[in-house]
Structures are given as structure tokens and as C-alpha cells.
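Biologist: I'm new to reading protein models. Could you walk me through one, feature by feature?

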Amino acid sequence: ILLLALSLFGMATYAHGQIIAAGSLEIPTIVVTGKAEIAVEPDYALISVHFSKTDKNLQAAQKASEDGVAKVLELSRRYSIPPSDVSTDAISVSMKYLSVRDPNKRIFDDRDNEIGVRTFDGYEVSRTVSLKLSDLSKFQALFNEILKTEPSEIDRVSFETSRLRELKDKARDMAMVAAREKAVAMTRAISQTVGKALKITEGSNESSYLSTNSSMVSNNTVRAEPTVHVTTQSLTSFSPGTVKVEATVTVIFKLD
């Protein structure tokens, strides 16, 4: 009786193992990536202007920085930019020092590296003002006026679209269609058909501005949120280019 029971137990275990194996058979699938891109004209620009002044007199440094900000704020009123599209950050104040080396009085640190005497260079006071310009026909004139305010740096110049959310959704739908069309084309040659999607992974959506004619950077290309270093040269020619909205999806389809 004991031997018979052990034998039956072994048969049951073997049968259970066959069921698990049968349930773990891989389903034939195809993995494809679909991409879509939509290019539209931008309808507004974002400009961030940075003013940084250093002076041993804190009030003098603050006044110089505030004067630059005030000039840009005045420009925003002259160009009819709504107050809601203008913002300024808080004042940043830091103490700057210089290291001065005296050949007649050399100073070394604990590691025998020559160091100089630390001297106070002044207070650095910084502020940034940001503008949103909805009328791009005014961009060239406004940008040239901003250069005349002698900012320390123009932190940002980017061209955007207010339809970004709508265009991202549309581009994603187009990417899904492209993914299925690719899967169908790939399986047609082996006489298989594409079934339902088993898994969908969304890739990255990004927008970038490509300039067709810009003198703001040396390579004539301005990506999203570029840094534009100040130059005395005015902007003589300008084209807003296009905003490109891209979508990428990866889909696993079941093969029938």
C-alpha cells in the first residue's frame, strides 16, 4: 500500500509539472517602435535677462543691478507685454574675493601649494527678469533694445507653442499608428497577422526650436532654452523657425 501511494504521488507531481510547462509557453510577439513628428510655427517667445554687478559698495552694486532690471521692465511696458507675462526673481547677494600672490611674501598651504592673500573684491548683486512675448513680429526690435540695457547675460531665448499639449497628444496617436503599420509590414512577408497590443511603452516627447536664420549663436542653431552670451551686435535678421513636437512609442503586438 505504501509503495502504491508513493507511486501515485509521483505520477501526480509529474502531471502537475507538465501543466505548468504548458502554461508557460511563450506567445509569439513582435516588438516595434513608432515615431511621429509635427512641426508648427511658434506663437510666443520666452526671454530671460540676467544682470550681475560687483562693487565694494553694496548699495552701488544693488543700484546698478536694479537699474538694468528697471530698463527691461520699462521695455516690457513699451512693447505692451502684460504684467502677468513679466517676472523678476529675488535679489541674490554674494561676497567675492580675489587671491593675490606677493613674490616678496610667498604663502603656502599645508600641502606646500602656493596660495595668495585673500582680498575682498566686492559685493556681487544679481537679478533676472523674464519676459513672455506673444507678438513675435516685435521680437527683433525688442531683442535689440534689450542688448542696449547692457545685461550680464541673456540666460534664455526659446520659441514655444501654446498648442504643445494638443500637439503632443496628436503626435503620440500618430506614433501608435506608425507602430502598427510597421508591425503589419514586417509580418506580411511571413504570412502572419498582427493581433492585439500586449504592452505599450511611451518614449520621450520633446520640443525644440530650430532657427533657419539667426545671428544669436555661432552655428545658427538655437535649441530649446539656449544660453545667449551678450554681444554688442544687433539682431539684423530673424526667423522664428518651427517648433518640433516628437513622440515615440514601443509596442509589443501578439502575432496570430
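This is a predicted model: local features need pLDDT of at least 70, side-chain atom pairs count only at pLDDT 80 or more; totals for chains, interfaces and linings use all residues.

Biologist: Where is S158 in the chain, and is S158 buried or exposed?

Modeller: You'll find S158 in strand β8, which covers residues 153-160. To judge burial, check the relative accessible area: under 20% means buried. S158 has 0% relative accessibility, so S158 counts as buried.

Biologist: Can we zoom out? How many helices and strands does the chain have?

Modeller: Count four helices and 13 strands. Of the 256 residues, 31% count as buried. The chain exposes about 16000 Å², and carbon and sulfur atoms supply 53% of that area. There's also a handy way to look at contacts, which is to ask how far apart the partners sit in sequence. Take the contacts between residues at least 6 apart in sequence: 83% of them join residues at least 24 apart.

Biologist: Which residues of α4 are buried, and what do they pack against?

Modeller: The buried ones are L167, K168, A171, A175, A179, A183 and T187. These buried residues pack against three strands: β1 (29-40), β9 (194-202) and β13 (242-255).

Biologist: Now for charges. How many salt bridges does the structure hold?

Modeller: Ten. To spot one, look for a side-chain nitrogen of Lys or Arg within 4 Å of a carboxyl oxygen of Asp or Glu. One of them joins R77 and E74, with the closest N and O atoms 3.1 Å apart.

Biologist: Why are R77 and E74 separated by about one helical turn?

Modeller: Because they are three residues apart in helix α2, residues 58-78. R77 counts as exposed because its relative accessibility is 54%, while E74, at 37%, counts as partly exposed.

Biologist: Back to α4, then. Which residue does D169 form a salt bridge with?

Modeller: D169 pairs with R172, and the closest N and O atoms are 2.7 Å apart. These two are three residues apart in α4, so about one helical turn separates them. Both are partly exposed: D169 has 28% relative accessibility, and R172 has 24%.

Biologist: What about E202? Which residue is its salt-bridge partner, and how far apart are the closest N and O atoms?

Modeller: E202 bridges to R172, with the closest N and O atoms 3.2 Å apart. E202 lies in strand β9 and R172 in helix α4, so this pair ties together parts that are 30 residues apart in sequence. E202 is partly exposed, with a relative accessible area of 44%.

Biologist: Which residues do salt bridges with shared partners join into one network?

Modeller: Follow the shared partners and you get R165, D169, R172 and E202 in one network.

Terms used: Residues are numbered from 1 along each chain as its sequence is written. Side-chain values use heavy atoms; hydrogens and water are left out. Buried means under 20% relative accessible area, exposed over 50%, partly exposed in between (1.4 Å probe, protein chains only). Contact means heavy atoms within 4.5 Å. Accessible areas come from the Shrake-Rupley method with a 1.4 Å probe; for residues, only the protein chains shown count as cover.
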